[in-house]
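Dear colleague,

I am handing over the structure that we spoke about, and you will find it just below.

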Amino acid sequence: MQKIAIPDLQPNMVVARNIYSTEGVLLLSADTVLNAMQIDRLQQFGLPSIYIKNPFTDTITYGDLIDTIPEVVREETRVQAVQLVNTAFKNLTVTQNLDTQQFKAISNFLLDDVIKNRGAMIHLTDIRARDGYTFGHSVNVCVLATLTGVQLGYDMINLKELALGALLHDAGKMLIPQEIIIKPAPLTTTERKLMEQHSDLGFDILRKHSDIPLVSAHIAFQHHEKFDGTGYTRGLVGTDIHEYARIVAIADVYDALTSDRPYKEGILPHEAYEIMMSLANTHFDPIILQTFLNYIALYPLGSIVQLNTGDIAVVTRVIPGLQTRPTLKFLLDASGRRLKNGPEIDLTKHLTIFITKVFTLTEVLQLGTNSPQQTNLHQPFEPSC
Ligand SMILES: [Fe+2]
């Protein structure tokens, strides 16, 4: 499956994953063959992109494998969490009252899923409607942070503290004017200063609740601190920043980079990986960053990539810690000929071969039309020999 921006959708494309509203209502189910009316409706819901089945890989026999990607958190868990966070955060805005029991319950069931699926990697970017960005982001940061905590060997007490603080890290945003939160353009200096107050505001809300551990409240307070001391609100340096906040800072930026925002499309995981690595030691704790990145699939299952040999292949297997060297199945040879049953290659065993490009779905669809020997992607090339 591949993520595609809504304006690039065309009738007859097939939906790969169920699509929900922020309230948890199913808008379209997987396997729906899209028509023009449904595409219009998706636009009205403010969804920036969706996952669709990739016609380029549908004809190969392991197509089922790459459409059932193992996930760290089950779809129903994520949908329920976003829905509950949506209600609880909106309630906080209206009543100034934080339903701590609700947030504890949500963070605990997200944690349960992460522990059960601890061997899985992050393959997919969550899709969110524009009005639901903060809610989906809170859930994602909770998942990414607790997955990192599990890999760091945290016990259940640590994990619960981390999960709750991560879920509530942006609670202060509920007290920032909504027009700034959802502004479809970069913020002015004044707006940014106001936005930066959300760390303080969040800490103030959380520390008043005796059933929220103070270390969890400190995640809200410190999640915009940077390892070199250039962050806010206090300019803390290195290990003076609580370890939980150092984890959440990484999860927060990774999710913000890879997901669609009101004013920009998210970038691909391997591009986010490069940016995150360039910020080790300055923004992020380098050791925690490495642990975090070990469980992010740089080339998610089903990605179509080009190799330095000129061949084009699909990613079929990724191993934690070895994500730069996935297993691939060849689709097109270097001269653009479609391979009916191309060979599979494990890049950990072929060190002179490396990935040079990741194709977007739009590019994948054009591959067939651009290549003179490849006129129809649905009719596999038959080798002449
Ligand atoms: Fe924040």
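**The iron site**

The 4 donor atoms around the iron ion subtend angles of 83 to 169°, which makes the arrangement irregular. Under the rule used here, four donors count as tetrahedral if all angles lie between 85 and 135 degrees, four count as square planar and six as octahedral if opposite donors are over 155 degrees apart and all others between 65 and 115, and anything else is irregular. Please keep in mind that this is a predicted model, in which local features need pLDDT of at least 70 and side-chain atom pairs count only at pLDDT 80 or more, while totals for chains, interfaces and linings use all residues. Residues are numbered from 1 along each chain as its sequence is written, and side-chain values use heavy atoms, with hydrogens and water left out.

The protein donors of the iron ion are Asp170 (OD), His198 (NE2), His223 (NE2) and His224 (NE2), which lie 2.2 to 2.3 Å from the ion. Donors are N, O and S atoms within 2.8 Å of the metal (3.2 Å for Na, K and Ca), and since water is not among the atoms, sites may look incomplete. Along the sequence, the donor residues follow the spacing D-x27-H-x24-H-H. Asp170 belongs to the loop between helix H6 (156-167) and helix H7 (178-181), and His223 to the loop between helix H10 (214-222) and helix H11 (243-258), so the pair ties together parts that are 53 residues apart in sequence. Helices (H or I, at least four residues) and strands (E, at least two) are DSSP runs, numbered from the N terminus.

Asp170 and His223 are both buried, a word that means under 20% relative accessible area, with exposed meaning over 50% and partly exposed in between (1.4 Å probe, protein chains only). His198, which is placed in helix H9, also counts as buried, at 1% relative accessibility. The side chain of His198 makes a polar contact with that of Asp170 at 3.0 Å; such a contact is a pair of N or O atoms within 3.5 Å, where within protein one must be able to donate a hydrogen and the other to accept it, and residues adjacent in sequence count only if both atoms are side-chain atoms. Not counting residues up to four places away in sequence, His198 touches Asp170, Gly172, Lys173, Ile176, His223, His224 and Tyr232, contact meaning heavy atoms within 4.5 Å.

**The protein as a whole**

The secondary structure comes to 14 helices and 9 strands, and buried residues make up 53% of the 385 residues. Of the contacts with a separation of 6 or more, 65% are accounted for by residues 24 or more positions apart. The protein exposes about 16800 Å², of which carbon and sulfur atoms supply 53%; these accessible areas come from the Shrake-Rupley method with a 1.4 Å probe, and for residues only the protein chains shown count as cover.

**Buried positions**

In helix H10, Ser216, Ala217, Ile219, Ala220, Phe221 and Gln222 are buried, and the buried residues of H10 pack against H6, H9 and H11. Ser138, in helix H5 (residues 133-151), is buried with a relative accessible area of 0%. Leaving aside its neighbours within four places in sequence, Ser138 is in contact with Val85, Phe89, Ala166, Leu167 and His169. Phe284 lies in the loop between helix H12 (269-278) and helix H13 (286-293) and counts as buried at 3% relative accessibility.

**Salt bridges**

A search of the whole structure finds 8 salt bridges, each a side-chain nitrogen of Lys or Arg within 4 Å of a carboxyl oxygen of Asp or Glu. One of them joins the side chains of Asp31 and Lys53 (2.7 Å, N to O). This pair links distant parts of the chain, with Asp31 in the loop between strand E3 (26-28) and helix H1 (36-44) and Lys53 in the loop between strand E4 (49-52) and helix H2 (63-67), 22 residues apart.

Another salt bridge is formed by Asp204 with Arg207, whose closest N and O atoms are 2.9 Å apart. Both residues lie in helix H9 (residues 198-207), 3 residues apart, about one turn of the helix. Asp204 is partly exposed at 29% relative accessible area, as is Arg207 at 48%. The side chains of Asp346 and Lys349 also meet in a salt bridge (3.3 Å, N to O); here Asp346 counts as buried at 17% relative accessibility, whereas Lys349 counts as exposed at 64%.
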